[in-house]
Amino acid sequence: MAEKRTIDLKRFQERLHKMAVTADDFQKVWEQFDEDSNGYIEGKEIETFLRTLLKGDGGGQDETISDGLLADLTKEIMEKYDANLDNKIEMSELAEMLQPEENFLLLFRSTAGLNSSIEFMETWRKYDTDKSGYIESQELSKFLEDALKKCGKEITPDKLQEYTQTMLSLYDSNNDGKLELKEMAKLLPVKENFLKRFEGPLMPSKDGHKTLSKADFERVFNHYDRDGNGMIEGDELKGFLKDLMEHEDDAKSKKYSDEDLEEMCQILMKHLDLDGDGTLDLVELKMLFCPLG
């Protein structure tokens with residue numbers, strides 16, 4: 001008789017660690033099931049979630065866990081985490097099964113997530129306290145500490161330093177001990193690049209062909225004019241330029257920096273700011289997309 005196979009929460013967690021399931025892997029699977037983005041999955045969805053998570057091991061159906069074993073595992077998880085017995089479970093609770101650094105990254109992103117590149121640029125400006133164009137180690141520590149406090153997490157200085165080094169090891173691609181803007185954008189991705197709602201290059205072609213209609217351009221302007229004052233300026237303009245650079249065809253290989261964004265802002269102001277007020281209104285910005293009127 002074949003030996004009966006069992007799996008409990010500890011063994012399942014060990015298995016995820018062996019598979020090196022990352023925060024990105026976990027979040028992609030989670031988003032398949034939490035369709036309304038309320039932070040919970042419930043009922044039979046939990047079993048399906050766990051099985052789907054295991055498909056990362058070779059990309060196929062995991063046949064070593066039967067429906068019965070998976071049901072037992074789900075029951076154990078619910079007994080441990082479903083304190084109010086509502087048959088729902090939060091992402092942060094399930095994420096405790098991941099490796100500590102991946103669990104932290106997932107928790108961090110779920111609490112510090114940004115809706116737009118304007119919010120990203122505001123965050124960048126707030127924590128680049130010395131205006132060096134980089135988020136250095138101490139600045140990154142302060143950023144992580146504030147993000148954790150927002151979700152009610154208090155950590156020791158030693159643990160904060162550990163988390164800071166973990167983030168640098170994951171996102172400091174040139175190992176210079178600090179994060180440039182493009183690296184920080186990978187650590188803290190925005191929920192949506194608004195410009196990706198529009199297909200194809202947005203800048204006019206050499207023959208003057210325009211991608212954006214008048215109505216589309218007005219939608220773009222109104223999105224980045226977040227305070228509704230009829231002008232795009234400061235972090236609004238830099239957020240717009242960040243999204244524009246990421247939208248264009250060469251964006252994946254282009255390594256833009258804070259200095260690049262500042263230089264582009266100055267170029268736009270020089271050529272488009274007709275009244276010299278340091279901002280771009282709808283008519284002025286329209287010249288970038290519709291130079292032929």
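## Aspartate 216 and arginine 219

Arginine 219 is partly exposed, its relative accessible area being 39%, where buried means under 20% relative accessible area, exposed over 50%, and partly exposed in between (1.4 Å probe, protein chains only). Aspartate 216, at 21% relative accessibility, also counts as partly exposed. These two residues form a salt bridge in which the closest N and O atoms are 3.6 Å apart, a salt bridge being a side-chain nitrogen of Lys or Arg within 4 Å of a carboxyl oxygen of Asp or Glu. Both lie in helix α11 (residues 214–224), 3 residues apart, about one turn of the helix; helices are DSSP runs (H or I, at least four residues), numbered from the N terminus.

## Basis of the model

The model is predicted, so that local features need pLDDT of at least 70 and side-chain atom pairs count only at pLDDT 80 or more, while totals for chains, interfaces and linings use all residues. Residues are numbered from 1 along each chain as its sequence is written, and side-chain values use heavy atoms, with hydrogens and water left out.

Lysine 238 and aspartate 258 are both buried, and salt bridges with shared partners connect Lys238, Asp258 and Glu262 in one network.

## Arginine 197 and the total

Among the 10 salt bridges of the structure is that of arginine 197 with glutamate 192, whose closest N and O atoms are 2.6 Å apart. Arginine 197 is partly exposed at a relative accessible area of 49%, and glutamate 192 is partly exposed at 31%.

Terms used:
Helices (H or I, at least four residues) and strands (E, at least two) are DSSP runs, numbered from the N terminus.
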